[in-house]
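Take a moment to look over the structure below before reading on.

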Amino acid sequence: METVSNAQQCGQCRLRFMAIFAFLLAVLVSRAGAYDPLDPNGNITIKWDVVSWTPDGYVAVVTMNNFQLYRHIPSPGWTLGWAWAKKEVIWSMVGAQTTEQGDCSKFKGNIPHCCKKVPTVVDLLPGVPYNQQIANCCKGGVVAAWGQDPSAAVSSFQVSVGVAGTSNKTVKLPRNFTLLGPGPGYTCGPAKIVPSTTFLTPDRRRKTQALMTWNVTCTYSQFLARKNPSCCVSFSSFYNETITPCPSCACGCQHKNCIKSDSKLLSMVGVNTPRKDNAPLLQCTRHMCPIRVHWHVKLNYKDYWRVKIAITNFNYRMNYTQWTLVAQHPNLNNVTQVFSFDYKPLVPYESINDTGMFYGMKFYNDLLMEAGPVGNVQSEVLLQKDKNTFTLKQGWAFPRKVYFNGDECMLPPPDTYPFLPNSALSKSLPFRMFSLSVIFTLMIIL
């Protein structure tokens with residue numbers, strides 16, 4: 001009996017060990033997925049400032065700051081949720097609204113804006129009446145990336161909370177925060193009380209402060225957002241006729257809704273109208289990605305070299321506003337000129353300057369249209385050579401990483417990169433340069 005008992009105890013120990021190991025592994029994977037080496041401090045911080053007490057609760061200004069350098073929240077915008085700690089209700093809101101009111105039948109006279117235990121809040125659309133607005137609200141939930149436009153990387157609303165605590169000691173912080181931006185991918189930590197925010201009066205001669213402040217930090221993980229990449233990269237060069245395409249099924253081939261570029265269905269009314277579930281309508285391609293980034297090594301001068309970058313949209317139901325493209329390459333530490341995009345170096349580590357963000361010029365090409373003849377943007381980049389490191393051999397001229405709208409794109413396998421021909425073939429380079437320029441132009445048009 002003792003032998004059986006010992007064996008059972010050992011079996012239970014093994015099961016417990018495996019359960020603990022699985023839990024720790026899941027925690028490590030989730031944290032690793034949320035860490036971005038190109039933006040190690042990037043997050044969205046949601047700050048609650050209690051600005052006044054009411055007879056049964058408080059009034060708070062909620063501010064969402066996007067501290068991510070190159071990941072913005074596009075249309076249809078953010079959705080914020082939480083769970084109340086007690087039986088709180090929302091009496092009123094300015095600059096935002098809940099998607100559902102919930103059961104408020106126990107209230108007589110004044111009816112709350114929302115009585116749900118777990119409210120879901122969305123931003124108001126532009127153009128609402130002024131008495132429903134607050135500073136930094138009413139942009140349809142669109143929030144710019146901090147590195148692209150810090151002044152637009154913020155969103156705010158005001159909420160009046162009832163049936164709640166009426167002092168710093170009796171207020172219970174909301175729990176279980178969730179953030180969609182606009183889809184999944186964000187994980188939010190618990191609310192934490194922090195030093196009260198200070199405010200300057202309009203004449204900037206007096207400081208006031210919030211009665212109480214707490215922060216919630218949300219981080220993004222591409223692994224939580226989607227199973228497959230959302231973009232891919234292709235390569236070409238002046239010194240080789242080979243064009244390295246995006247990997248086959250780079251973004252998954254499970255999309256059944258794909259349509260050929262010459263299909264008569266594209267002339268139907270409403271084909272470009274977005275769906276409520278944001279389901280894409282992709283052009284049929286071998287890579288099946290909504291976005292393709294093409295990097296073409298165009299010219300090689302004595303002291304400089306030139307690259308052409310083209311971004312093509314293959315989704316007939318989506319255009320991309322305030323798009324961003326991030327590339328990692330050792331020669332980005334010496335960018336001389338970017339012709340048709342805005343450019344900003346990203347230096348998360350002071351000693352390394354090999355990453356840069358490209359984005360559209362305002363009112364010129366900051367809108368990447370849906371798939372079709374105008375569904376692309378492009379620019380050339382002139383870089384100064386570092387003679388100690390520059391080479392066209394072994395794929396050095398191509399980027400190490402590429403991100404579009406904050407998601408990493410799939411690169412081709414290194415052994416498929418366009419290779420540098422031997423000297424015996426160098427005499428044919430001028431013809432190759434001309435032919436590749438023609439092919440590159442046709443790729444963008446098609």
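Which residue forms a salt bridge with Glu 380? The partner is Arg 306, and the closest N and O atoms of the two are 2.7 Å apart; a salt bridge here is a side-chain nitrogen of Lys or Arg within 4 Å of a carboxyl oxygen of Asp or Glu. This is a predicted model, in which local features need pLDDT of at least 70 and side-chain atom pairs count only at pLDDT 80 or more, while totals for chains, interfaces and linings use all residues. Residues are numbered from 1 along each chain as its sequence is written, and side-chain values use heavy atoms, with hydrogens and water left out.

Glu 380 belongs to strand β26 and Arg 306 to strand β19, so that the pair links distant parts of the chain, 74 residues apart. Helices (H or I, at least four residues) and strands (E, at least two) are DSSP runs, numbered from the N terminus, and the protein chain has 3 helices and 28 strands. Both Glu 380 and Arg 306 are buried, where buried means under 20% relative accessible area, exposed means over 50%, and partly exposed lies in between (1.4 Å probe, protein chains only). Salt bridges that share partners also join Lys 298 with Arg 306 and Glu 380 into one network.

A search of the whole structure finds 7 salt bridges, and one of them pairs Asp 407 with Arg 226, whose closest N and O atoms are 2.2 Å apart. Asp 407 lies in strand β28 (residues 407-408), whereas Arg 226 lies in the loop between α2 (222-225) and β14 (231-237), so this pair ties together parts that are 181 residues apart in sequence. Asp 407 is buried, at 5% relative accessible area, whereas Arg 226, at 33%, counts as partly exposed.

Another salt bridge joins the side chains of Asp 303 and Lys 387, at 3.8 Å from N to O. Because Asp 303 lies in the loop between β18 (291-300) and β19 (304-313) and Lys 387 in the loop between β26 (376-384) and β27 (401-404), the pair ties together parts that are 84 residues apart in sequence. Asp 303 is partly exposed, with a relative accessibility of 33%, while Lys 387 is exposed, at 64%.

Turning to the chain as a whole, 45% of its 446 residues count as buried. Among contacts (heavy atoms within 4.5 Å) between residues at least 6 apart in sequence, 72% join residues at least 24 apart.
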